[in-house]
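Subject: Structure for your reading

Dear colleague,

Please find below the structure that I would like to hand over to you. The findings follow directly after it.

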Amino acid sequence: MNQVAEHDRRIVVGVDGSPGSRAALRWAVTQAELTDARVEAVSAWQDPAVYGFAYGWSPTVFEDVSVAAVTEKILAESVADEAGDAAPVPVLTRVLHGHPAQVLLDAAGGAQLLVVGSRGHGAFAGMLLGSVSQHCVQHASCPVVVVPPAERTPEPAGRRS
């Protein structure tokens, strides 16, 4: 059976608002246009106590605003800035609760492709390959593309002039 036929025509991309995730979103939209797929932009959120203490930080308190709402706003702004109304393919947004790596792995189940930035807003943002992208590469059930920082982002195959 054809490999593409076994998966739905969906490209899942992790978006946390970082420059790396925005580059991944742009890449995913272009790839989706080339492969007649749709894009599912996914953001994950965790309770500040869980997220903050995991990295040795004191959690930030948001008055009258939930972490999920902030995450949803960042995702919506990222999609509007990078894909906008003129996107050549549909871009669905999803905000899910949980650890970013697990959320992306779960969302990518059955997808044609998972796209992540090489690093995001994690505690070690200066690393070449972030912990979330590394975990996704090692455990995803579909192919994974790790998009480098914007200044080095290659165009998808078939787009080069």
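Ala-87 counts as partly exposed, because its relative accessibility is 22%, and a residue must be under 20% to count as buried. The model in which this value was computed is a predicted one. Ala-87 lies in the loop that links α4 to β3. Although 58 residues separate Ala-87 from Val-29 in sequence, their C-alpha atoms are 7.4 Å apart in space. Val-29 itself belongs to the buried residues of helix α2.

This pair leads to the chain as a whole. The protein chain has 161 residues, of which 37% count as buried. Six helices and five strands make up its list of elements. Read from the N terminus, the order of these elements is α-β-α-β-α-α-β-α-β-α-β.

Which residues of α2 are buried? They are Gly-20, Ser-21, Arg-22, Ala-23, Ala-24, Leu-25, Trp-27, Ala-28, Val-29, Gln-31 and Ala-32. These buried residues pack against the strands β1, β2, β3, β4 and β5, and also against helix α4.

Two packed helices are described by the angle between their axes and the distance between the axes. On the α2 side, the residues in contact are Arg-22, Leu-25 and Arg-26; on the α4 side, they are Glu-77, Ser-78, Val-79, Asp-81 and Glu-82. Sorted by class, this contact holds five charged residues, two nonpolar ones and one polar one.

Just after α2 comes Asp-36, in the loop between α2 and β2. Its phi is positive, at about 55°, although Asp-36 is not a glycine. Is Asp-36 buried or exposed? With a relative accessibility of 63%, Asp-36 counts as exposed, because the cut-off for that class is over 50%.

A second pair of helices is formed by α5 and α6. Helix α5 runs over residues 100-107, and its buried residues are Ala-101, Val-103, Leu-104, Leu-105 and Ala-107. Among the elements that cover these buried residues are β1, β2, β3, β4 and α6 (131-139). The axes of α5 and α6 are 9 Å apart, and the helices pack at an angle of about 35°. This crossing, too, is right-handed. Where α5 and α6 touch, Pro-100, Ala-101, Leu-104 and Leu-105 of α5 meet Val-132, His-135, Cys-136 and His-139 of α6. By class, the contact of α5 with α6 consists of six nonpolar and two polar residues, with no charged residues.

Yours sincerely,
A colleague

Key: Residues numbered from 1 in each chain as written. Predicted model: local features only at pLDDT ≥ 70, side-chain atom pairs only at ≥ 80, totals over all residues. Heavy atoms only, no water. Contact = heavy atoms within 4.5 Å. Helix = DSSP H or I, 4+ residues; strand = E, 2+ residues; numbered from the N terminus. Nonpolar A, V, L, I, M, F, W, Y, C, P; charged D, E, K, R; others polar. Buried < 20%, exposed > 50% of the residue type's maximum accessible area, 1.4 Å probe, protein only. Axes fitted to C-alpha atoms, helices over the stretch in contact; angles between N-to-C directions. Left-handed = near helix turned anticlockwise from the far one by under 90°.
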